[in-house]
Amino acid sequence: MRVIKNAAHLSLFVAATALASAASGAVVLEINGSGQLTGARNLDVLGTVYDVAFVDGTCAAAFAGCGSVFNFAFPSNVPGATAAGQALLDTVFLDTASGMFDSAPNLIAGCTDTFECHALIPTNIAFDAVFGYDAVNFRQGIGYLVSTFNPVAIAGDLSTVARQVWAVFTPAAPVPVPEPTTVALFA
């Protein structure tokens, strides 16, 4: 076990640990002060790394106006949207030491229902409605991915719906590669 002797060493250790975690591609859960899961970083979706945030409210608030499918991470992209939903089910909506996000879906920000939470991944807009996929997280370890046969109205506000939240995917920022002299400092 390594003993950290001062604040400068602790800062370097924390920075090195965070850099190693990001570089390794480990999924990092984002949890607020109330213990709710607000998002995750470093999700691999078909070879591209994304961050995701769970956003309650309107499509316009979550997706820069919601006026075009190009506001979505997976516009008209069924394989991408289904892979993104599966990534949520496989790596984010889990019971861990950080929280019981599988057993208690109401711990996912924007969902207040204790039985299930639908993370909506939009892919298309038609007839004043948003279509896409739901990563449905049921308590007790049951989860599945489904096409949104019941489309969400563009003007609809999910903050009034206990079981639905937007899953806003954005490409992850590239991880900076430290220069050799910086790596030597961490050692």
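**Notebook: folds, cores and aromatic pairs**

I began with the order of elements, which from the N terminus of the protein chain reads α-β-β-β-α-α-β-β-β-β-β-β-β-α. In total I noted 4 helices and 10 strands in the protein chain, where helices (H or I, at least four residues) and strands (E, at least two) are DSSP runs numbered from the N terminus.

Before going further I wrote down the ground rules. This is a predicted model, in which local features need pLDDT of at least 70 and side-chain atom pairs count only at pLDDT 80 or more, while totals for chains, interfaces and linings use all residues. Residues are numbered from 1 along each chain as its sequence is written, and side-chain values use heavy atoms, with hydrogens and water left out.

**Confidence and overall figures**

I looked up pLDDT, the predictor's confidence in each residue from 0 to 100, and found a mean of 82 for the protein chain, with 78% of its residues at 70 or more. Over residues 1-23 the pLDDT stays under 50, and for this stretch the model has 17 contacts beyond four places in sequence, a contact being heavy atoms within 4.5 Å. Among contacts in the protein chain with a separation of 6 or more, 60% come from residues 24 or more positions apart.

Of the 187 residues of the protein chain, 34% count as buried; buried means under 20% relative accessible area, exposed over 50%, and partly exposed in between, with a 1.4 Å probe and protein chains only.

**Cores**

Which residues have the most contacts inside the largest nonpolar core? I found Phe54, Leu88, Phe93 and Phe169 in that place, in a core of 27 residues. A nonpolar core is a set of buried Ala, Val, Leu, Ile, Met, Phe, Trp, Tyr and Cys residues joined through side-chain atoms within 4.5 Å. At least two residues of this core come from each of β2 (37-45), β3, α3, β6, β7 (129-138) and β10 (164-171), and α3 gives the most, with 7 residues. I then followed Leu88, which, leaving out residues up to four places away in sequence, touches Leu43, Val52, Phe54, Phe93, Ala119, Ile121, Ala135, Ala167 and Phe169. A second, separate core has 12 residues, including Ala62, Phe72, Leu120 and Val152.

**Aromatic pairs**

I counted 7 aromatic pairs in the structure. Rings of Phe, Tyr and Trp (its six-membered ring) pair if their centres lie within 6.5 Å, and planes under 30 degrees apart count as stacked, over 60 as edge-to-face and the rest as tilted. Tyr50 and Phe74 form a tilted pair, with 5.2 Å centre to centre and 50° between the planes. This pair links distant parts of the chain, since Tyr50 is in strand β3 (residues 48-55) and Phe74 in the loop between α2 (59-62) and α3 (78-92), 24 residues apart. Tyr50 counts as buried because its relative accessibility is 11%, and Phe74 is buried at 3%. Phe63 and Phe72 form an edge-to-face pair, 5.2 Å centre to centre with 85° between the planes; Phe63 is buried at 4% relative accessibility. Tyr50, Phe74 and Phe169 form one aromatic cluster.

**Glu116**

Is Glu116 buried or exposed? I found Glu116 buried, because its relative accessible area is 7%, and placed it in strand β6 (residues 116-126). Leaving out residues up to four places away in sequence, Glu116 touches Pro105, Val136, Asn137, Phe138 and Arg163.
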